[in-house]
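Hello,

Here is the structure for you to look over. My notes follow below it.

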Protein chains: 2
Amino acid sequence: MRAAIIAVGSEMLGISKVDTNSLEVTRHLEEWGVELVRKSVIGDHAADLGRELRETLDSCDVVIVMGGLGPTEDDVTKDVVAGVLGIPMREEGEVLAKMVALFANRGYPMPETNRKQALVFEGHGYLRNPRGTAPGFHLEIDWSGRTRHLWIFPGVLNELRGMLEADFGPWLQMLGLPRRHWRTLRIIGMPESLADEKLKAFYEKYRDTPVTILASRGEISLHFYALGSEDEAYAKLLAMEADAREALGERVYGTGDDTIEMVIGRMLLSRGETVAIAESCTGGLLSTRITDVAGSSQWFPGGVVAYSGDVKMSMVGVDPAHIQQHGEVSEEVARGLAEGARRRFGATWGIGVTGIAGPDGGSEEKPVGTVHIAVASNAGVEHRKIYFAGGRENVRRFATNAALDLLRMGMRRA
Amino acid sequence: MRAAIIAVGSEMLGISKVDTNSLEVTRHLEEWGVELVRKSVIGDHAADLGRELRETLDSCDVVIVMGGLGPTEDDVTKDVVAGVLGIPMREEGEVLAKMVALFANRGYPMPETNRKQALVFEGHGYLRNPRGTAPGFHLEIDWSGRTRHLWIFPGVLNELRGMLEADFGPWLQMLGLPRRHWRTLRIIGMPESLADEKLKAFYEKYRDTPVTILASRGEISLHFYALGSEDEAYAKLLAMEADAREALGERVYGTGDDTIEMVIGRMLLSRGETVAIAESCTGGLLSTRITDVAGSSQWFPGGVVAYSGDVKMSMVGVDPAHIQQHGEVSEEVARGLAEGARRRFGATWGIGVTGIAGPDGGSEEKPVGTVHIAVASNAGVEHRKIYFAGGRENVRRFATNAALDLLRMGMRRA
């Protein structure tokens, strides 16, 4: 069974916006074992969309069209589908009545242009849209002697999600294809090439299972799935996970949609501990990541962005002699920041980060990308010096990864 | 002249990665007046790519294929092109020699698999790739009696960019189509619907010029272009910009690729002033945005992430009585944070932010999304209370927009 996604909208052909809605559809296809063979983006032009639709129906069993269901002249999807399939349209009273009521609730009469949203395909049902005005469609059709399933969804993410959950997912499930139970492992503090090397025996053992390794923003993730019943698949995934964890060791920090800041939050919460931060080159990003997690006020009292030398001394209590002797970017200052954060905020753990994010400020001795990280606890202070490449944004991001990693490893040992 | 982009790579059909390289190509097409009519993503399968290529050549004059030029079995682009166009391939000594030398430099012999990267199309030139091993191609061909331009680029962003600059851009320029000179205005602190309303006369006056308004992450941008010679276009853009600025007023904070944090940095630098931050619900994001800008140590001494009530008092000097009487999320505490930041860091300006990012912590009186923002200077303290919708991430992001906006407006008045 081959699927294709067509996203409709000229704005996704411009210089700043790409289609991301298709990822939502893909998630459902992947889970239920339907292969996605192509995605495309087409502008709001009837002729182009018509050609795209015909060509896609020639080669794919399931065609998902998103967008172009709005009330404006630019919204051509239903017209094009009606033309290509030769199905007349009719006004559906239920959809119209709901729209009229919706506008009345807001205190306006329904604009006449909205009426086209109530058009549905003669002889076919439609998908209810509890989150908006445009109905969706599932048209099972004969296309030159072959059965095709054409799904039409709104381009508004929230409305799309609703229909994927309510209509598309259950239909995919009913197809009865081998379900894919996915597992994702998340790894930090190890380059992709090293992970690949450590996983050689794992790849060999599970040769028949597609395993994907992805690197993104300084961390890597390992994705694999198992087929079969829930129980069988679960047993296989557990075995695969155990093997992968044995290969990668404690660098595996989480699974599924975990982030390292979520994992750290859970660890701190369960231990009744807290962490405070004094960061320089990361400029607040480390605190931002910690507080990205809902509920973080339970384990994070606060932090200092100690950008200038004065602030490192006055607000965090770094020893002026250390700054004078070793410079602001040094092991001593990172240790001082970590200890100062822990002390000033009364936290279980303190993290200190100081470095040169660039593009300026580097020297031969301390090039751009040099970062010192320290984690303080009642057991003492751990320190790492690391060089990051890839420009200011990467240095800052990777430095926060390394700091969170060092904290996590410290907690595991404590 | 109609263009299409085909991105090749199964990883872009998965659940986590979308094609973004096409934006780089689009930028060039837009500048030189070539219309992009479709984009697609195809997996690493010869049959699917072959069909896609044929169908696209049927309907488009310029076809850009990206990716699938690597050394592995998955890299099928050149094979498919050779098959579809019926052009034989030959090994190009110059490309091979460069690869061998490159591997020798790294201390390895070249793996035999890399040899396929040296294959080029018989009777056609190739595009040099100074940043990698895979050459690119520009094939001018006859397709059923019509001239087609097939461009083939590596999928590695850096290598793609090099060829777009060196080869594709100059070729587009030579086509001599009416060049589009673009102008972007950036606006903060005004909803899209209000901007649309204020721009009614502007839209009417420039009815013949496509004007795009985009909303993203709590700010909006206005994009338009002028055709013609540099001088003519510049004059027209200046006139359009003046009219748009008159309609939108001081809410226009910048142009082109400006961000509000860059604009604030430039303002502070030119005035020899500094800003310090004490932020609660934004958790470090406001400091992060200020320090996203290279050189920000010249105008940003530092900040405090004052997440707990204790830290608001001990590290920023907020009056305990204010917290007790009005709560941590209140006008009084926001003012105290702004004044405290200014005083403790010895800065010209101080920003204070306190609010409820959610999902928990809201009440009837102070629902999730309530944020108090204050900006302190020697002229006093400005305060705003705002409600943001859209969940934790949006509340945090939009609150930093509002804080940066309030600072910018304060600086304009000072």
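How many bridges join S13(A) to strand S13 of chain B, and do they run parallel or antiparallel? Five bridges join S13(A) to S13(B) (residues 302–306), and the two run antiparallel. Strands pair if DSSP finds at least two bridges between them. Ala306(A) stands opposite Gly302(B) in S13(B). Helices (H or I, at least four residues) and strands (E, at least two) are DSSP runs, numbered from the N terminus.

A word on the source. This is a predicted model: local features need pLDDT of at least 70, side-chain atom pairs count only at pLDDT 80 or more, and totals for chains, interfaces and linings use all residues. Residues are numbered from 1 along each chain as its sequence is written, while chains are lettered from A and ligands numbered from 1 in the order in which they are written.

Now the contact. Chain A gives 51 residues and chain B gives 52 residues. Two residues are in contact if their C-beta atoms, placed from the backbone, lie within 7 Å. On the side of chain A that touches chain B, S2(A) has the largest share, seven residues.

Last, helix H1 of chain B (residues 21–31). Its buried residues are Asn21(B), Ser22(B), Val25(B), Thr26(B), His28(B) and Leu29(B). Buried means that 20 or more other C-beta atoms, placed from the backbone, lie within 10 Å of a residue's own. Seen down the axis of H1(B), they fall within an arc of 160 degrees (taken from the directions from the axis to the C-beta atoms), so they line one face of the helix. Their cover includes strand S1 (2–8) and helix H5 (157–174) of chain B. Gly33(B) follows H1(B), with a positive phi near 80 degrees.

Best wishes

Notes
Buried ≥ 20, exposed ≤ 12 C-beta atoms within 10 Å, placed from the backbone.
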